[in-house]
Structures are given as C-alpha cells and as structure tokens.
Amino acid sequence: MARSELADEVNRYLFSVVHKHYDLDRHQIARYERGEVRWPGAAYRAGLRAVLGAETDADLGFTPRKRAVVRTVFTGVGEVPPGWHPADVLATADEMTGEDVALSRRQALGAASATTGAAVTEPLQRWLAPAHSSFPGASAISDVELVGWQQIARQFHDWNKTPTGGLARKAVIAQLNELSDRLKEVSEAPTTRPAFLVGANLAEIAASMSWDAGLHRAAQRYYSLSVKFAKVAGDDTFAALTLASFARQCFDIRQPGDGLELVQLAQYGTRRSAGPRLRSLLATREAWSYAQTGAVQPFRRAAGLAEDHFAEEPSGTGGPVGGLDQAELFGVLGARWRDLAVASEQAKQARHAQEYIGRALALREPGSVRNRAFDLIGLARTHLITAEPDYACDLIETALPIAADWVSGRVGEKLRDFHKESQRFGDAPRVRATRDAVRDVITT
C-alpha cells in the first residue's frame with residue numbers, strides 16, 4: 001500500500017477505532033495529526049497499533065525522548081544571599097508566626113491585600129543561588145522526633161482537604177513556630193534537612209489556608225517562606241511545587257504576569273531534575289497565564305506541552321505530583337480553555353473547555369469532593385459563555401449540595417463568579433431560580 005493510501009486508511013479508521021475505544025476527542029487527534037506532539041499518549045499509540053496491526057510503538061516510528069533525571073545534591077558551596085541562610089530562614093519564620101498567632105482575624109483581613117510586581121518575584125530569584133550547609137545549633141533531632149513532626153504535617157495536609165480545614169490555620173502556624181524554635185538548636189545531622197522539609201510543608205499548608213481565607217498577603221509570605229525552607233532542605237522539587245502553588249494564587253487574584261514569572265523560575269530551577277509530571281504541572285501553570293491574557297497561540301503551545309509531558313510518564317509508574325493526576329490535568333486545562341474564551345472573546349474556545357472538564361468529571365475519584373465541585377461550577381460557567389443557561393443551571397443544581405460545605409473558601413468564590421456571570425440571563429425563570437439558590441448558599 002502506498003504511503004498516501006496508508007495515511008487515508010489511518011484517517012478513515014481513527015474515529016471508528018481510536019476515538020470509540022480509546023477515549024480520545026477530535027482536538028487531541030488533530031494535534032497528533034498536525035505533528036504537534038513529540039511522543040503521543042498511550043491511548044493514541046494503542047489505537048494506531050490496532051488500526052495498523054503493529055506490535056510495538058517502534059513499529060509505528062515512535063521513540064520516546066530520553067530525559068536524564070539529575071538528583072539535586074546539596075554541596076554547601078558558594079555565597080548565600082541575605083535571608084536564605086538557615087538562621088535567617090528560622091528568624092523570619094519565628095517573626096511571621098509569632099505575629100500571626102497573636103493577630104485577630106479582623107486585623108488579618110485588614111492587611112489582606114496582596115503584593116504585586118517585583119516585590120513578589122525578585123526576592124525569590126535568590127532560590128537559584130548556591131545552598132549553604134551551616135546550621136546554627138549544636139544538637140540533633142532524633143528519628144522519633146522527626147517522624148512525629150512528619151505525621152503532624154500529614155495530618156494538617158489531610159485536614160486542609162476537608163470543609164473545616166480553615167479552622168486549623170492558626171494551629172498550623174503555631175506548629176511552624178514551635179518547629180522553628182526547635183530547629184534553631186540543630187547542627188548538621190541526617191535528620192536536619194528532612195526536618196527543614198517539614199517546615200516547608202507546614203509553611204505551604206499555612207499559605208494555602210491563608211489564601212482560602214482571603215488573606216492573600218499572608219499567603220504570599222508563607223509561600224515565600226516555604227521555598228526558603230525547601231532550599232535549606234535541599235529539595236528543589238518541593239520548592240518548584242510551592243512556586244507553582246504561589247503562581248496559582250497570583251492567577252486567582254488576576255496577577256498573570258507575576259504568576260508567569262514564578263512558573264518560569266520553577267521551570268528554570270528544575271530544568272535538569274524535573275520528571276515528566278512536574279514538567280506537566282508547570283506547563284499547566286504557564287498556560288494559565290497565557291489564558292488570562294488571551295494569548296491564544298502561546299496558550300495552545302503550553303497546554304499541549306502539559307499533555308505531552310504527562311504522557312511521557314510510563315503508565316502505572318509513579319503517583320500524582322503536586323496533586324496532578326489525569327483528572328486534575330483535564331480539569332485544570334478545561335478551566336484554562338474557559339479563561340481563554342473569556343480573555344480572547346472567542347466563545348468557540350469554551351467548547352474545548354467543556355470537553356476537558358467533562359472528562360475530568362468522569363475520572364474524579366469519589367473522595368475528590370471539592371475538585372468535583374470546582375469542575376461542576378466551572379463547566380456551568382462554560383455553558384454561560386456558549387449561551388446555554390439551562391445546561392448551566394442543571395450543573396449548578398448538582399453542585400450546590402456539595403459546594404454548600406465549602407462555601408467559605410474558593411468554592412464560594414467560584415459560585416459568586418457564576419452568580420455574576422449569569423446575570424445576563426437573569427430574566428429567564430429557570431436562571432432566576434438558580435441564582436436565588438446560589439445567593440442563599442453564598443450568603444448563609
């Protein structure tokens with residue numbers, strides 16, 4: 001069979017075989033056909049093998065790009081910028097946590113406005129400087145003590161996934177204060193850097209809880225502190241994940257330029273060590289910035305890279321990195337297609353959002369309650385863009401029983417976004433009733 005005839009044969013059967021049996025949509029297949037993907041995902045390769053009767057991926061001409069993973073080695077060589085020495089990090093943590101524990105919620109909200117521009121990004125550029133191995137104290141943390149701190153951090157992390165997680169914010173800050181005091185006494189030992197990594201975890205949790213409570217300035221400070229703790233711990237991957245979370249907060253408060261700088265810093269700092277999942281997560285954050293500014297082609301490139309990198313991870317190996325599994329990947333990219341539709345004033349982009357978020361919903365684990373609420377609300381908002389308010393109301397009515405438990409945080413903010421965006425359809429009785437139900441939930 002001639003090459004052109006073979007190509008026609010593949011195209012003719014792609015949708016009857018690949019689309020039907022391997023759950024790929026037209027958008028993904030078009031990207032493969034245009035040659036935008038260096039290493040197609042497992043489903044697509046399986047579909048082509050079925051169509052062409054090939055036994056292996058090599059028979060199709062696909063060869064995965066080898067990527068050497070270089071583990072970060074803490075050398076302790078070079079000058080450390082001011083504020084990044086272990087003693088400086090602990091002093092900063094002590095000052096911040098001491099202030100926050102004593103601060104009332106009303107006082108904290110009064111100082112909730114976020115910092116923007118160079119004040120956010122420039123200090124974190126020092127993350128790229130050499131690390132330091134000198135510790136201020138003379139004692140060591142025991143293995144039992146370290147395991148105890150690690151268990152506490154995991155408990156707070158799990159609590160943060162519940163509707164009452166925000167109640168633990170001051171408890172997390174108090175634990176971070178206690179840990180910082182203890183770390184002032186330590187010297188170099190096998191448990192020292194893992195203990196600083198616990199500090200990074202606690203600071204990141206405090207940042208997330210602060211953001212969820214609307215305390216954006218506090219969240220920024222704790223994200224920065226988390227990066228510093230991770231730097232002392234010698235864990236560049238954790239630092240990059242924290243920068244990605246920090247960037248996400250920037251996007252949430254409409255600072256796409258700051259968010260992009262943080263993402264690019266994380267990408268550069270882990271350029272030799274990042275695995276496929278981390279690269280995929282960082283690419284979703286890069287796409288987020290382009291979506292908010294309506295940059296269609298850069299967005300398509302970054303979103304495509306996110307899918308490509310995710311597919312580079314062999315099936316069944318490794319777990320989610322930064323919470324990024326297949327469902328989260330589709331959910332995040334779907335929401336970004338929605339952002340792009342709004343920013344670029346191209347309603348057609350919302351159809352891509354509907355495809356991706358729909359697939360995310362189908363893949364969500366039953367226990368991912370808050371993410372499911374985000375998906376339902378986000379999908380409803382895409383149907384407002386495509387002028388399908390009845391579909392949007394169906395989805396919101398499904399989401400409200402779930403969202404009611406989470407309304408004090410970011411889920412409530414997304415419901416407020418829906419309430420505002422649906423106003424243009426407010427004359428329709430169905431929409432009016434749904435908006436009233438949303439209002440009742442968000443004002444309770």
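Does Arg370 count as buried or exposed, and at what relative accessibility? In this predicted model, Arg370 counts as buried because its relative accessibility is 18%, under the 20% limit that defines the class. The partner of Arg370 in a salt bridge is Asp212, with the closest N and O atoms 3.4 Å apart. Asp212 lies in helix H10 and Arg370 in helix H18 (residues 369-385), so the pair ties together parts that are 158 residues apart in sequence. Asp212 itself counts as partly exposed, at 22% relative accessibility.

The setting for this pair is a chain of 444 residues, of which 50% are buried. Its secondary structure comes to 21 helices and zero strands.

Side chains of opposite charge can pair when their charged atoms come close. A search of the whole structure finds 24 salt bridges. One of them joins Asp100 and Arg169, whose closest N and O atoms are 3.6 Å apart. Asp100 belongs to helix H5 (residues 86-102) and Arg169 to helix H9 (residues 169-183), so this bridge ties together parts that are 69 residues apart in sequence. Both Asp100 and Arg169 are buried.

Helix H18 also takes part in another pairing. The side chains of Asp417 and Arg381 meet in a salt bridge, at 3.9 Å from N to O. Here Asp417 sits in helix H20 (residues 410-421) and Arg381 in helix H18, and the pair links distant parts of the chain, 36 residues apart. Arg381 is buried, with a relative accessible area of 7%. Elsewhere, salt bridges link Arg248, Glu328, Arg364 and Asp375 in a network.

Attention then turns to the nonpolar interior. In soluble globular proteins, nonpolar side chains tend to be buried together. The largest nonpolar core of this model has 82 residues, and the members that touch the most others are Leu183, Phe196, Leu225 and Phe229. Helix H10 provides the largest share of this core, eleven residues. A second, separate core holds 26 residues, including Ile377, Ala399, Leu415 and Phe418.

Ser208 is buried, with a relative accessible area of 10%. Not counting residues up to four places away in sequence, Ser208 touches Asn160, Tyr223 and Arg410.

Ser280, in turn, is found in helix H14 (residues 276-292). At 0% relative accessibility, Ser280 counts as buried. Its contacts, again leaving aside residues up to four places away in sequence, are Ala306, His309, Phe310, Leu324 and Leu329.

How values were computed
Residues are numbered from 1 along each chain as its sequence is written. This is a predicted model: local features need pLDDT of at least 70, side-chain atom pairs count only at pLDDT 80 or more; totals for chains, interfaces and linings use all residues. Side-chain values use heavy atoms; hydrogens and water are left out. Helices (H or I, at least four residues) and strands (E, at least two) are DSSP runs, numbered from the N terminus. Buried means under 20% relative accessible area, exposed over 50%, partly exposed in between (1.4 Å probe, protein chains only). Contact means heavy atoms within 4.5 Å. A nonpolar core is a set of buried Ala, Val, Leu, Ile, Met, Phe, Trp, Tyr and Cys residues joined through side-chain atoms within 4.5 Å. A salt bridge is a side-chain nitrogen of Lys or Arg within 4 Å of a carboxyl oxygen of Asp or Glu.
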